[in-house]
Amino acid sequence: MKTTLSVIKADIGSIGGHIRPSERLLEEVKNYVTTKGRSLVTDFYISHTGDDIALLFAHSLGKGSEKIHQLAWDTFVAGTKVAKDQGLYGAGQDLLKDSFSGNVRGLGPAVAEMEFQERPNEPFLFFAADKTDPGAYNLPLYLSFADPMYNSGLILSPSMSKGFRFVIMDVSYTEGDRLIELNAPEELYDIAALLRDNQRFVIEAIYSRNNEEIVASVSTTRLHNIAGKYTGKDDPVMLVRVQGAFPATGEVLAPFNIGHYVAGFMRGSHNGPLMPVRINSSISYFDGPPVVCGHAFCVHDGKLTEPADAFDHPYWDYVRNKVSQKATDIRAQGFSGAAMLSYSELEYGGIVEKMKKLEAKFKVGL
Ligand code: F6R
Ligand code: MG
Ligand code: MG
C-alpha cells in the first residue's frame, strides 16, 4: 500500500496583526481534525509558521483526494469561525471562495503532496515559510539537488549518479498548469536560466533519475493570481524525502545558511533575507523577516514520528544573527531600488492609483 503525504496550509487569522494564530484557534483546528479526520487519515500533525497554519496528513487516499481536501477546507472553515469569534486579524484571509469544489487548489490554501511506496525507513522534511512566495525554495533546491558544492552525495553516492529531474511551473500563466521538465546535470544552465526568476518560474517537483521516485514537492499557488488582488503572500510549504538515493537531510538544510534575499517581507512588497527559524515561530521585525522552518519526520505504515526541529541547533543561531544583519542592511535603504519589489510585483494596488494621478500631472517639455 502506498502512503500519501498532504500538506495543506492557510492563513485564517492571527493575533496582533499578521503575527501568529491564537492558541484557541490552533486548539480548534487540532480538535476538528482529531474528530472529523479519524477515519480518513492514518496520522496528522499541525503547526504554525508566522500567521499560517499547516495541516500535515499521512493517508492512503492518493494525491488530490477530494476527501482529504474537503477535510482541510472544513477544518479551515471551522477555524475561521473561532477566528471571527475572537476577533482575530485577517480571519478567513486565505479562504478566497465561498464553497468547496472538490479540491482546495485555486480556493486559496496552498498544497504540497506526494505519494510513494514507503522505504523500510522513510525520513522526510516538511518546510513551511511565511512572508514570502514559492520561488523562495528555488535556490535552496537547486543547490541541494544539482550542485556538488552543497550536495556531496552527487560526487560520493552511486545512488545519485544520474542526477535529478526538475519540474518547473510558469506561475504567471493562469489558464492552467504550464510546466517544463529539465534534467540535471545535462540541462543545468537551462534550469538556472528559469530559476533565477523566482516570481515567474517555480520548482513544483523533483524526481530521482536513478529510481524515478518523487523526492520533492512544493506548493505553487499564487494567491494574487487567484484573487486578482493582494490577499497576502503565498507562504509556501514543501515536502522533501531524504537519505539513501536522495540528498541527506544536512544537504537539503545546508543552502538555508545563505539567508538569500526573497520577495515578501512587509506588505509582500519587499526583498528580505530568508531566515531559518524554529517550528511554531512568529513574525516580528518589519512584518518579517521572511522565515522558513523545517520539521524532520519519519513515516512508517502511515504513522508519523514526532518532528525533530531542523533549525533548532546552535549552528542556526549563528545563521539567524547573520540573516538579521542582512535584514537590517537592506531595510536601511527603505523604499529605494532593490529594497522594494518591482512595480509589477507590488502586492498593494494603492500605488497603481497613485501612479495614474501622477501620470496626468507630467508635462513633456519641448
Ligand atoms: C505580508 C503581510 C503583512 C501585511 C501588513 C499590512 O504578507 O501579511 O506585512 O501586508 O501587515 O496588513 P493589512 O493590509 O492587513 O493591514
Ligand atoms: Mg495574515
Ligand atoms: Mg502568512
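Trainee: Arg165 first: buried or exposed?
Mentor: Buried, with a relative accessible area of 17%. Keep in mind that this is a predicted model. The cut-off for buried is under 20%, so Arg165 falls in that class.

Trainee: Which side chain does Arg165 meet in a salt bridge?
Mentor: Glu212, at 2.9 Å from N to O. The two come from distant parts of the chain, 47 residues apart: Arg165 is in strand S6, and Glu212 is in the loop between strands S8 and S9.

Trainee: And how accessible is Glu212?
Mentor: Glu212 is partly exposed, at 48% relative accessible area.

Trainee: How many salt bridges does the structure hold?
Mentor: There are 17. One of them joins Glu122 and Arg119, where the closest N and O atoms are 2.8 Å apart. Glu122 has a relative accessible area of 0%, so it counts as buried.

Trainee: Which residues are in a network with Glu122?
Mentor: Salt bridges link Glu122 with Arg119, Glu213 and Arg241. Arg241 turns up again elsewhere, with its charged end over the ring of Phe116, 4.1 Å from the ring centre.

Trainee: Where does the charged end of Lys326 sit?
Mentor: Over the ring of Tyr261, 4.6 Å from its centre.

Trainee: OK, new topic: rings. How many aromatic pairs are there?
Mentor: A search of the whole structure gives 14. Take Phe127 and Tyr137: their centres are 6.5 Å apart and the planes make an angle of 55 degrees, which is a tilted pair.

Trainee: Where do those two sit in the chain?
Mentor: Phe127 is in strand S5, while Tyr137 is in the loop between S5 and helix H3. They are 10 residues apart, and the pair links distant parts of the chain.

Trainee: Are Phe127 and Tyr137 buried or exposed?
Mentor: Phe127 is buried at 0% relative accessible area, and Tyr137 is buried at 1%.

Trainee: What other pair can you show me, say with Phe265?
Mentor: Phe265 and Tyr285 go edge-to-face, 6.2 Å centre to centre with 70 degrees between the planes. This pair also links distant parts of the chain: Phe265 is in the loop between strands S11 and S12, Tyr285 is in the loop between S13 and S14, and they are 20 residues apart.

Trainee: And how accessible are they?
Mentor: Phe265 is buried at 1%, whereas Tyr285 is partly exposed at 38%.

Trainee: Last one, the ligand. Which residues come nearest to ligand 1?
Mentor: Of the 11 residues around ligand 1, the nearest are His18, Tyr89, Arg267, Asp287 and Tyr348.

Trainee: What distances do you get from polar side-chain atoms to its oxygens?
Mentor: For His18, a polar side-chain atom is 3.0 Å from an oxygen atom of ligand 1. For Tyr89 the distance is 2.7 Å, and for Asp287 it is 2.5 Å.

Trainee: How much of ligand 1 does the protein cover?
Mentor: It covers 80% of the 410 Å² of accessible area that ligand 1 has on its own.

Conventions: Residues are numbered from 1 along each chain as its sequence is written. Chains are lettered from A and ligands numbered from 1 in the order in which they are written. Side-chain values use heavy atoms; hydrogens and water are left out. Rings of Phe, Tyr and Trp (its six-membered ring) pair if their centres lie within 6.5 Å; planes under 30 degrees apart count as stacked, over 60 as edge-to-face and the rest as tilted. Helices (H or I, at least four residues) and strands (E, at least two) are DSSP runs, numbered from the N terminus. Buried means under 20% relative accessible area, exposed over 50%, partly exposed in between (1.4 Å probe, protein chains only). A charge sits over a ring if NZ of Lys or CZ of Arg is within 6 Å of the ring centre and within 35 degrees of the ring normal. A salt bridge is a side-chain nitrogen of Lys or Arg within 4 Å of a carboxyl oxygen of Asp or Glu. A residue is near a molecule or strand if one of its heavy atoms lies within 4 Å of it. A polar contact is a pair of N or O atoms within 3.5 Å; within protein, one must be able to donate a hydrogen and the other to accept it, and residues adjacent in sequence count only if both atoms are side-chain atoms. Accessible areas come from the Shrake-Rupley method with a 1.4 Å probe; for residues, only the protein chains shown count as cover.
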